[in-house]
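Subject: Handing over a model, with notes

Dear colleague,

I am passing on the structure below, followed by an account of what turned up when I went through it. Please read the notes with the coordinates open beside you.

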Amino acid sequence: MEEPLIPVVLMSHTAHIRSHRKPRRNATSSIAVRAGVAGGMLSMAAAGASTAASAAETTQTLELPTLTADLAAQVAQSADATQQAAANYELLAERDAAAAAAAKQAKKDLAEAKAKAEAKKKAEEARKAAAEAATSRSAERTSLSTATTASAPASGSVATVIAFLKAQVGDAYVMGGTGPNAWDCSGLVQAAFKQVGVDLPRISQDQSTSGTPVSLSNLQVGDILYWGSAGSAYHVGVYIGDGQYLDAANPSKGVVIQDLSGYPATGAVRVL
């Protein structure tokens, strides 16, 4: 029996060489591959983003000390500026306070200086017034010492008046008194001259204009002395010689003999 013939298929002369093309995958495999690739790309993108973020964080982390140092420097500068401003304000306040205190002290010193100057001026005026008064009294004493005075009365009537007056020395002074043991100034003078028949007015104002006016440099025993202006005299007495006069002085002294130099009269009149 003849053996069957096996058909022979002629092949390409390159059939024995493996194809360099990749075998085709089915759709599922392609989708899987594509999904895998996409996922990989996404993973790479995410990884890249993460790496970028990490790099940014690293950059920020690295730059943060620099920013913090700058901020700290700015804060320190601001604090220094604030402290300096406060110090300046405090210094200004101290200067203002010192200026106010100095102005107050200057005002006080000026017031004290004015007060001292005023007091000095018043003291100088008082000294001048006292010196003038002393000069005036000295002149009056000189006038009295050089005046023509009699050691004895010029006449019997004057002697009677002086004797009566001296007899009343030690009596009391009473306003409105006319004796016999209490007198006022004009009551005593009126009573003394009445002893020799001379009728004088009752009050000192009228007695100062009775008789003939005489100067204090030309006094005689028995002349009536007055203090104040003529016609308005507030006190009277009688000159008894040797620069003395007799009067009913005041409630504390009564009737006394005094030196005319200690209390110079304003004027005098002569009735005998």
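A contact here means heavy atoms within 4.5 Å. By that criterion, residues 24 or more positions apart account for 55% of the contacts in the protein with a separation of 6 or more.

Please bear in mind that this is a predicted model, in which local features need pLDDT of at least 70 and side-chain atom pairs count only at pLDDT 80 or more, while totals for chains, interfaces and linings use all residues. Residues are numbered from 1 along each chain as its sequence is written, and side-chain values use heavy atoms, with hydrogens and water left out.

Overall layout

The protein has four helices and eight strands, where helices (H or I, at least four residues) and strands (E, at least two) are DSSP runs numbered from the N terminus. Along the sequence they follow the order α-α-β-β-α-α-β-β-β-β-β-β. The accessible surface, from the Shrake-Rupley method with a 1.4 Å probe and, for residues, with only the protein chains shown counting as cover, comes to about 18600 Å², and 59% of this belongs to carbon and sulfur atoms. Of the 272 residues, 23% count as buried, which stands for under 20% relative accessible area, with exposed being over 50% and partly exposed in between (1.4 Å probe, protein chains only).

Helices α3 and α4

Helix α3 (residues 185-194) is largely enclosed by the rest of the structure, because nine of its 10 residues are buried; among them are C185, L188, V189 and F193. Q207, which has its place in helix α4 (residues 204-207), also counts as buried, at 0% relative accessibility. Leaving aside residues up to four places away in sequence, Q207 touches S186, V189, Q190, P201, R202, V236 and V269. A polar atom of the Q207 side chain lies 2.8 Å from the backbone oxygen of P201.

Aromatic pairs

A search of the whole structure finds three aromatic pairs, taking rings of Phe, Tyr and Trp (its six-membered ring) as paired if their centres lie within 6.5 Å, and calling planes under 30 degrees apart stacked, over 60 edge-to-face and the rest tilted. One of these, formed by F164 and W183, is edge-to-face, at 6.1 Å centre to centre and with 85° between the planes. F164 lies in helix α2 (residues 156-167) and W183 in strand β2 (residues 182-183), so this pair ties together parts that are 19 residues apart in sequence.

W227 and Y263 form a stacked pair, with 5.4 Å between the centres and 20° between the planes. Since W227 lies in strand β4 (residues 224-227) and Y263 in the loop between β7 (254-259) and β8 (267-270), the pair ties together parts that are 36 residues apart in sequence. W227 counts as buried at 1% relative accessibility, whereas Y263 is partly exposed at 36%. Together with Y245, these two residues form one aromatic cluster.

Strands β6 and β7

Strand β6 (residues 244-250) and β7 run antiparallel and are joined by six bridges; two strands are taken to pair if DSSP finds at least two bridges between them. D247 has V256 in β7 as its bridge partner, and a hairpin of three residues joins β6 to β7.

With best regards

Technical notes
Polar contact = N/O pair within 3.5 Å; in protein donor to acceptor, adjacent residues only side chain to side chain.
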